[in-house]
Amino acid sequence: MMKQSHQAAAAENETVRAPSDAVGPDEHIAPAPRVSIQAFCETVETAAAVQAARDDRRLVKTHIKIQMGGATAAVEAYRNSPTPNVIVIESENRAEEILGGLDQLAEVCDSGTRVIVIGRINDVTFYRELTRRGVSEYLIAPVGTIDIVRAICGLFSSSSAKPVGRIVAILGAKGGIGASTIAHNIAWAIARDLALDSVVTDLDLAFGTAGLDYNQDPPQGIADAVFSPERIDTAFVDRLLSKCADHLSLLAAPATLDRVYDFGVDAFDAILDALRNSIPCVVLDVPHQWTGWTKRLLISADDILLVAGPDLANLRNAKNLVDMLRAARPNDRRPYYCLNQVGVPKRPEITPADFAKALEDPPLAVIPFEPQLFGTAANNGQMIAEVSANHKTAEMFRQLAQILTGRTEAKQSRSGLLPMLSKLMKRAG
Ligand SMILES: Nc1ncnc2c1ncn2[C@@H]1O[C@H](COP(=O)(O)OP(=O)(O)OP(=O)(O)O)[C@@H](O)[C@H]1O
Ligand SMILES: [Mg+2]
């Protein structure tokens, strides 16, 4: 069945879109499953875009082969060998030639194979002919890396209207800087104010505080999932979740020391795949560690929020994290960051402006140091908004929740946070 793509829609309006190099703020592209893909390209530009797509985090499970030659080469290749799950065909040709090539391909193509066509023709009649032949997607050249990623992932994402599976990873640039507190408050705001079903996953198995912060003492949680990955299915995951509030559940850490927690790189793959398939928003409370699995979780997340304090070690670590993550995720938005515990009396601090300069990006929020407010919340097992609903810090968590779920563009929302920022900058300057 043909799914109408963004580009195909553009074709209907007779407009050509320039290739885009990043996902939009509210766009969520679910990763593709373990499938085989073969691309037959005619131009080096398209071959390069497919090559780059192969390294995208959303296509890591797929197996992609690229060769030059277009439809003719494809027909030749499959005369005597089985077809992969997906064939991508680029053609510089005119409409009749492309359609003729596709008809030939249909004779050698297994019925389950899906076909994506990349061409230069922007014409509704042609587009309808492609649909009739069962082509799954038509992209108009020139195509960018993210167009390829979007088209391939789109073939396998569920058709249900409900968007599921956005993963937001939150990590501190230094230990104890408030990353978990911020993760829990943002998740609470996502559930409470945006009414989006969310799960907080506490990945600090030995010392995690999500159970304390939400005033929960669940008997099981993330450890059961990670130590018995073979049992994971929807029913099993449902039993591991403890409900904290409307729309909010917790996958709690045991926070006991009877075991040690040395995990392999892919230890969390099974549980995260299961959560991604059923929960609209998963907030990962990532402990401040640099291991194979923490790195993998960050790279594979849809969005990342780093939490930094206003000192030199935080600045260095945040810079290293941003640089590393940007290099590993070239087709994604850059990691977001916020400053926390800003304005400790008598403490010399690095200003938000200096952070913005070093990280080439302003912080999403500057959260003041408020020991009374945060201490009360922590000791009572409450969220900031429960202690003081109208407090400006509670409002910041609501805005961060919007940005991290793609409800608001960062730029617009940042202006909401800016008065605070400029006040702090004035104070520091
Ligand atoms: N803006 C703030 N003002 C005052 N106290 C804060 C603020 N943010 C966090 N805290 C407090 O700082 C302490 C550490 O917070 P938290 O456990 O969230 O940090 P973390 O970065 O997750 O630490 P870890 O490295 O152990 O995972 C908590 O007691 C919390 O209440
Ligand atoms: Mg923590």
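1. A255 has a relative accessible area of 36% and is therefore partly exposed; the classes are buried under 20%, exposed over 50% and partly exposed in between, with a 1.4 Å probe and protein chains only. A255 sits in the loop between strand 9 (248-251) and helix 11 (269-278). Helices (H or I, at least four residues) and strands (E, at least two) are DSSP runs numbered from the N terminus. The phi of A255 is near 50 degrees, a positive value in a residue other than glycine.

2. The basis of these values is as follows. The model is predicted, so local features need pLDDT of at least 70 and side-chain atom pairs count only at pLDDT 80 or more, while totals for chains, interfaces and linings use all residues. Residues are numbered from 1 along each chain as its sequence is written, chains are lettered from A and ligands numbered from 1 in the order in which they are written, and side-chain values use heavy atoms, with hydrogens and water left out.

3. Two further backbone points deserve a check. N215, in the loop between helix 8 (210-213) and helix 9 (222-227), also has a positive phi, near 55 degrees, in a residue other than glycine. With a relative accessible area of 59%, N215 counts as exposed. The peptide bond from A141 to P142 is cis, with omega near 5 degrees, and P142 lies in the loop between strand 5 (137-140) and helix 6. For reference, most residues other than glycine have a negative phi, and most peptide bonds are trans.

4. On the overall fold, the chain has 18 helices and 13 strands. Of its 429 residues, 53% are buried. Contact means heavy atoms within 4.5 Å; among contacts between residues at least 6 apart in sequence, 78% join residues at least 24 apart. The accessible surface comes to about 19,200 Å², and carbon and sulfur atoms hold 51% of that. The areas come from the Shrake-Rupley method with a 1.4 Å probe, and for residues only the protein chains shown count as cover.

5. The largest nonpolar core has 50 residues, and F268, I271, L275 and L284 have the most contacts inside it. Here a core is a set of buried Ala, Val, Leu, Ile, Met, Phe, Trp, Tyr and Cys residues joined through side-chain atoms within 4.5 Å. Helix 13 (residues 312-328) gives the most to this core, with 5 residues. A separate core of 42 residues includes A183, W188, Y214 and L373.

6. L284 can be followed in more detail. Its neighbours within four places in sequence left aside, L284 is in contact with I167, V168, A169, I170, T201, L203, L272 and L297.

7. How many cavities of 30 Å³ or more does a search of the whole structure find? The search finds 2. A cavity is a set of points, on a 1 Å grid over the protein atoms alone, where a 1.4 Å probe fits but cannot get out, and lining residues have an atom within 4 Å of a point. Grid points are joined across faces, edges and corners, and a volume is the space filled by probe spheres set on the points.

8. The largest cavity has a volume of about 60 Å³. Its lining consists of V23, E27, H28, I29, R57, R58, R166, D302, D303, D332 and R333. By class, that is 2 nonpolar, 1 polar and 8 charged residues; Ala, Val, Leu, Ile, Met, Phe, Trp, Tyr, Cys and Pro count as nonpolar, Asp, Glu, Lys and Arg as charged, and the others, Gly among them, as polar.

9. The second largest cavity holds about 40 Å³ of space, lined by N185, W188, A189, D193, M383, A385, A394, F397 and R398. Helix 7 (179-193) and helix 17 (392-404) are the elements that give two or more residues to this lining, and helix 7 gives the most, with 4. The lining has 6 nonpolar, 1 polar and 2 charged residues.

10. Some buried helix positions remain. In helix 3 (residues 70-78) the buried residues are G70, A71, A73, A74, V75 and Y78; their cover includes strand 1 (36-41), strand 2 (63-68), strand 3 (86-91) and helix 4 (95-108). T46, in helix 2 (residues 44-54), counts as buried because its relative accessibility is 3%. Apart from neighbours within four places in sequence, T46 is in contact with C41, E90, I118 and V143.

11. R150 is a charged residue in helix 6 (residues 145-156). At 14% relative accessibility, R150 counts as buried. R150 and A53 are 97 residues apart in sequence, and their C-alpha atoms are 9.5 Å apart in space.

Definitions and conventions
1 Å grid on protein atoms, 1.4 Å probe; cavity = no way out; pocket = protein on both sides within 12 Å on 5 of 7 lines; lining within 4 Å.
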